[in-house]
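Work through the exercises below with the coordinates open. Each task is followed by a solution in steps.

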Amino acid sequence: MPRAPVPVFDDLIGQETAQDQLRRLAAGPLGGRVYLFAGPRGAGKLKAALALAATQLCQADGALLAEGDGRPCLTCPACLKLAAGSHPDLRLVEPEPGKETISIDQARELRRNLHFAPLEAGLRVVIIPGAERLGLEAVNALLKTLEEPPEHALIILTVAEAEALPPTVLSRCQKIRFRPIPEELVQAEVARAKGLEPDLARLAASLSRGSLEAALELDPAEMVAARDGYLARLKGLRAGQAEPLLELAREAAGPEEAARFLEVLAAWYRDLAVLAAGGGARLAVNQDRREELSQRARRAGLDVWLGRLEAVFETQRALAARANARLALEALLLRLTPGLVEGR
């Protein structure tokens, strides 16, 4: 694990319900349990898992943790090792470099290691971020461990969609749900952390769909340039001209690129729907293009813009279910032409 500040529950933004659940958990014994933290990317699941682990591995008086809010002391040898990413009783399990899934060999090694007593703490804590990356063989190798984890083990899985895991895994986990961070909180945090103007912070928050992590990763200049580039390409697409449409779908089919492309489309059609419904231009996400949006919103009815927005949402759901990105984008663009941007 890389060196990083030890997270605490107060670091979670917009997750009051999950915070309350985690504080209650931290006050009791957690050995022999498996938890599933489910919620969108950037909602704070891994941070929450690390914060919960810190409450169990901290060497401060356990009574202080139980009676307080579960905050680790941050100064004991265990907390210093957590900050340095070197605590021997905390392990993150992720795919090996160059691999997309966690292998059966990794699962078998984890299963063996969990049966050894902790080296320094009262628990061994295992965190599997993005547990949907567990290969089928790895899942099968871990089922018995998930059903009956050792009493000295705490296992935490994080996942964007709980349904991405097999029912045999879900039935063995206690679930804590994380919701998308409200857009206004993401906007405020991005503006504070990156010193952005309100319009840019709002655009970053909208394109991140409640993911603070994604919003903080966005470069303002690149973000606007990418959006403008997409919209310019879309304006040039016309029914009966398949080649440029298929080329755009091919170029936007990478995992991160596809997500960004669909977020741009969703924000654009959302703005057009809001304006067509009578909302003021100040409600638009794309504030720097609000005059253009106001003109375009009048060129089609609300039902048109809502239909296009729903088509984008359907494609996002398809990609979340691991549909072929290029084929899904091709189908979307064919469905939306003509008038991708203008509505007619």
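A residue counts as buried when its relative accessible area is under 20%, as exposed when it is over 50%, and as partly exposed in between. The model used here is predicted.

**Exercise 1. Overall description**

Task: State how many helices and strands the chain has, and what share of its residues count as buried.

Solution:
- Step 1. The chain holds 16 helices and five strands.
- Step 2. Its C-alpha trace spans about 65 × 40 × 30 Å along the principal axes.
- Step 3. With the accessibility cut-off applied, 48% of the 344 residues are buried.
- Step 4. Among contacts in the chain with a separation of 6 or more, 72% are between residues 24 or more positions apart.

**Exercise 2. Cysteines and a loop residue**

Task: Find how many disulfides the structure has, and explain the result for Cys 76.

Solution:
- Step 1. Searching the whole structure gives zero disulfides.
- Step 2. A disulfide needs two cysteine sulfur atoms within 2.5 Å.
- Step 3. For Cys 76, the closest cysteine sulfur belongs to Cys 73 and lies 3.6 Å away, so the pair is too far apart for a bond.
- Step 4. Cys 79 is in no disulfide either: its nearest cysteine sulfur, that of Cys 76, is at 3.7 Å.
- Step 5. Cys 76 has a relative accessible area of 10% and is therefore buried. Cys 79 is also buried, at 1%.
- Step 6. Leu 74 sits in the loop between helix H3 (62-67) and helix H4 (77-84). Its relative accessibility is 36%, so Leu 74 is partly exposed. The phi angle of Leu 74 is near 75°, a positive value in a residue other than glycine.

**Exercise 3. Packing of H9 on H13**

Task: Describe how helix H9 packs against helix H13, and classify the residues of the contact.

Solution:
- Step 1. Two packed helices are described by the angle between their axes and the distance between the axes.
- Step 2. For H9 (residues 198-208) and H13 (residues 255-276), the angle is about 115° and the axes are 9 Å apart.
- Step 3. The range 65 to 115 degrees counts as roughly perpendicular, so H9 is roughly perpendicular to H13.
- Step 4. The crossing of H9 and H13 is right-handed.
- Step 5. H9 contributes Arg 202, Ser 206 and Leu 207 to the contact, and H13 contributes Glu 263, Val 264, Ala 267 and Arg 270.
- Step 6. By class, the contact of H9 with H13 has three nonpolar, one polar and three charged residues.

**Exercise 4. Packing of H13 on H16**

Task: Repeat the analysis for H13 and helix H16, then locate Leu 332.

Solution:
- Step 1. The axes of H13 and H16 (residues 325-336) come within 12 Å and cross at roughly 25°.
- Step 2. Angles under 35 degrees count as roughly parallel, so H13 is roughly parallel to H16.
- Step 3. H13 passes H16 in a crossing that is left-handed.
- Step 4. On the H13 side the contact is made by Ala 258, Phe 261, Leu 262, Leu 265 and Tyr 269; on the H16 side, by Leu 329, Leu 332, Leu 333 and Leu 336.
- Step 5. The contact of H13 with H16 comprises nine nonpolar residues, no polar and no charged.
- Step 6. Leu 332 belongs to H16 and is buried, with 2% relative accessible area. Beyond neighbours within four places in sequence, Leu 332 is in contact with Leu 262, Leu 265, Ala 311, Val 312 and Thr 315.

Key
Residues are numbered from 1 along each chain as its sequence is written. This is a predicted model: local features need pLDDT of at least 70, side-chain atom pairs count only at pLDDT 80 or more; totals for chains, interfaces and linings use all residues. Side-chain values use heavy atoms; hydrogens and water are left out. Buried means under 20% relative accessible area, exposed over 50%, partly exposed in between (1.4 Å probe, protein chains only). Axes are lines fitted to C-alpha atoms, for helices over the stretch in contact, and angles run from 0 to 180 degrees between N-to-C directions. Helices (H or I, at least four residues) and strands (E, at least two) are DSSP runs, numbered from the N terminus. Angles under 35 degrees count as roughly parallel, over 145 as roughly antiparallel, 65 to 115 as roughly perpendicular and the rest as oblique. A crossing is left-handed if the near helix is turned anticlockwise from the far one by less than a right angle, and right-handed if clockwise. Contact means heavy atoms within 4.5 Å. Ala, Val, Leu, Ile, Met, Phe, Trp, Tyr, Cys and Pro count as nonpolar, Asp, Glu, Lys and Arg as charged, and the others, Gly among them, as polar.
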